[in-house]
Amino acid sequence: MKVGVPKEIKAEENRVALTPAGVSALVGHGHTVLVEKGAGVGSGLLDDEYMAMGARILPTKEDVWDQAEMIIKVKEPLGPEFGLIKDHILFTYFHLSADLELTKKLLATDVKAVAYETIQLADGSLPLLAPMSEVAGRLSIQMGARCLESIGGGKGILLSGVSGVPPAKVVILGAGIAGSNACFVAVGMGARVSILDINPAKLRYIHDVMGGHVVTIMSNGANIDEEVMSADLVVGTILIPGAKAPKLVTRDMIKRMKKGSAIVDISVDQGGCTETTKPTTHSQPTYIVDDVVHYAVANMPGAVPRTSTFALTNSTLSYALALADKGLDGAINDDPALKKGVNILNKRLTYQAVAEAFNMEYSEL
Ligand SMILES: NC(=O)c1ccc[n+]([C@@H]2O[C@H](COP(=O)([O-])OP(=O)(O)OC[C@H]3O[C@@H](n4cnc5c(N)ncnc54)[C@H](O)[C@@H]3O)[C@@H](O)[C@H]2O)c1
């Protein structure tokens, strides 16, 4: 199969969908890999490194989309890319349930949209969301710490405190991949941490590995309210796979929060779990509502593109190889987890939670 790797065009997005080692694996399986010139530069990966692994470097993204049968990307297609879509297998993050316009535009094409974020293993885990959630979870505490500095609009406190001055309180909503990684870093930085989830097994895991360093709390309206009111930093990491995130932190709660506190809403890419969340970018990452600093960058791993690119390829490659080796039909027939990734096929929505989010028609694969 001819596999294309275009350069990302989203603002400040420096990740690339394949490392040179990923190219080598696809070429080793007999596929042709077409990489857009300079696609890896933002992650410190040069054209020569791709060529050494057998990639062909093409001068423009038009060339890549035109010649490839499958396109591997990082972010959803944007403006000028829509005109380039034919009947490609498009393997990337889409987050359709948070974006009606994108969904409609894709339904008007012949794309076979396979979404990283909805590939789901039998145990319910999301193997291609996990690496970026690890990155975003860990970053959220770094970013939250900056938000609490006075220069970031916050109350001017150090996450760890110092001797004689208590540390900040970090409240993490959701104890999945992003939440648990945020938790480990927040504890490592010396904050007081509590974490809430509706899944007792997730809370038990955190409790077991972190011992007495973290307070684990069952998530419900009353507990969320109590914790958020006493927080200096709230980190939102809620996910209902493929669906819009529930608004667990309401506008009224924001009004009652401590002045100069901060919210990092990682789940912004699924609409956010805070009523006041709106997506921001790396160049303008924060805004303030009712004296609470909000950070809601929708592509947080883009801040550390090199780490993220390697982590992403580690996870996507086996699925990319299956799609290239067997074609879409063969690959999804053999792998129920990959089948769950198919969001759009033959101009129909084939992922139920996305169809439900927009009250649109769902077609079973
Ligand atoms: N902004 C970014 O750059 C970025 C990067 C990576 C991931 N994400 C997003 O981060 C979010 C979390 O991803 P993840 O991989 O950690 O998901 P995950 O499935 O591992 O964790 C989500 C957790 O939320 C919990 N949850 C669901 N409803 C809840 C409720 N009412 N109260 C408390 N907990 C509840 C689930 O039980 C689960 O443990 C996703 O929306 C993902 O798309 C964003």
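Author: Happy to! Keep in mind that this is a predicted model. The chain is divided into domain 1, made of 2-119 + 304-357, and domain 2, which covers 135-303.

Reader: Thanks! How far apart do the C-alpha centres of domain 1 and domain 2 lie?
Author: The two C-alpha centres are 31 Å apart.

Reader: And how many residues of each domain are in contact with the other?
Author: On the domain 1 side there are 20 residues, and they are in contact with 16 residues of domain 2. Within domain 1, α11 (305-334) and α13 (352-357) each supply at least two residues of the side that touches domain 2. The largest share of that side comes from α11, with four residues.

Reader: What classes do the residues on that side of domain 1 divide into?
Author: The side of domain 1 that touches domain 2 has nine nonpolar, six polar and five charged residues.

Reader: Switching topic: which residues come nearest to the ligand?
Author: Those are S133, G176, A178, S219 and M300, out of 36 residues around the ligand. By class, this shell has 22 nonpolar, 10 polar and four charged residues.

Reader: Which element gives the most to the shell around the ligand?
Author: That would be α6, with four residues. At least two residues of the shell are supplied by each of α6 (130-148), α7 (177-188) and β8 (192-197).

Reader: Now the sheets, please. What is the strand order in the open sheet of seven strands?
Author: The order is β9-β8-β7-β10-β11-β13-β12, and the pairing is mixed. At the edges stand β9 and β12 (286-289), each with a single partner strand, so one side of each is left without a neighbour in the sheet. Neighbouring strands of this sheet are turned by 20° against each other on average, ignoring direction.

Reader: Do β8 and β9 run parallel or antiparallel?
Author: They run parallel, and five bridges join β8 to β9 (residues 214-218). As one example of who faces whom, L196 stands opposite I217 in β9. Between these two strands the chain passes through helix α8 (residues 200-210), and this β-α-β crossover is right-handed.

Reader: What about β12 and β13, parallel or antiparallel?
Author: β12 pairs with β13 (residues 292-295) in the antiparallel sense, over four bridges. There, V289 has V292 in β13 as its bridge partner.

Reader: Which strands does α7 lie across?
Author: α7 lies across β7 (169-173), β8, β9 and β10 (233-236), and its direction is at about 170° to β8. Helix α9 (residues 221-229) packs on the sheet too, touching β7, β8, β9 and β10, with its direction making about 160° with that of β8.

Reader: Nice. What is the order in the open sheet of eight strands?
Author: That sheet runs β3-β2-β1-β4-β5-β6-β14-β15, with mixed pairing. Its edge strands are β3 (56-58) and β15 (348-349), and each of them pairs on one side only.

Reader: How many bridges join β5 to β6?
Author: Four bridges do, joining β5 (residues 89-92) to β6 (residues 112-115), and the two strands run parallel.

How values were computed: Residues are numbered from 1 along each chain as its sequence is written. This is a predicted model: local features need pLDDT of at least 70, side-chain atom pairs count only at pLDDT 80 or more; totals for chains, interfaces and linings use all residues. Domain bounds come from an automatic or database domain assignment. Two residues are in contact if their C-beta atoms, placed from the backbone, lie within 7 Å. Ala, Val, Leu, Ile, Met, Phe, Trp, Tyr, Cys and Pro count as nonpolar, Asp, Glu, Lys and Arg as charged, and the others, Gly among them, as polar. A residue is near a molecule or strand if its C-beta atom, placed from the backbone, lies within 6 Å of it. Two strands pair if DSSP finds at least two bridges between them. A crossover is right-handed if, with the strands pointing away from the viewer, the path from the first strand over the helix to the second runs clockwise. Axes are lines fitted to C-alpha atoms, for helices over the stretch in contact, and angles run from 0 to 180 degrees between N-to-C directions.
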